[in-house]
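Good morning, colleagues. Please look at the model on the screen while I describe its overall form and then a few of its residues.

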Amino acid sequence: MDVLVTLMVWSVSQAASLLTESRQLVGLAAAVLAAILAAQLGWHGTDRLIAWRSRTDED
């Protein structure tokens, strides 16, 4: 029975330490994803703005 309790305590402590370490990686991945999405939005937004302005020049 002591072995089971020790194993459970060890697994819980390992899971807690892994979650603590993975929080930084999740934050980094979220920052990279946000930068990629902002770049895509900026690119498409600029492209649409240029297309809109060129259409008004043609009229």
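The protein chain has one helix and zero strands; helices (H or I, at least four residues) and strands (E, at least two) are DSSP runs, numbered from the N terminus. This is a predicted model, in which local features need pLDDT of at least 70 and side-chain atom pairs count only at pLDDT 80 or more, whereas totals for chains, interfaces and linings use all residues. Residues are numbered from 1 along each chain as its sequence is written, and side-chain values use heavy atoms, with hydrogens and water left out.

What are the dimensions of the box that the C-alpha atoms fill? Along the principal axes, it is roughly 85 × 15 × 5 Å. The radius of gyration of the protein chain is 25 Å, while a compact globule of 59 residues would have one near 10 Å. That radius is taken over C-alpha atoms, and the globule rule is 2.2 Å times the number of residues to the power 0.38.

I turn now to burial. Of the 59 residues in the protein chain, 0% are buried. Buried means under 20% relative accessible area, exposed over 50%, and partly exposed in between (1.4 Å probe, protein chains only).

Two residues illustrate this. V9 lies in helix 1, which covers residues 2-58, and V9 counts as exposed because its relative accessibility is 53%. T56 is also found in helix 1; its relative accessibility is 41%, so T56 counts as partly exposed. From T56 to A35 there are 21 residues in sequence and 31 Å in space, C-alpha to C-alpha.
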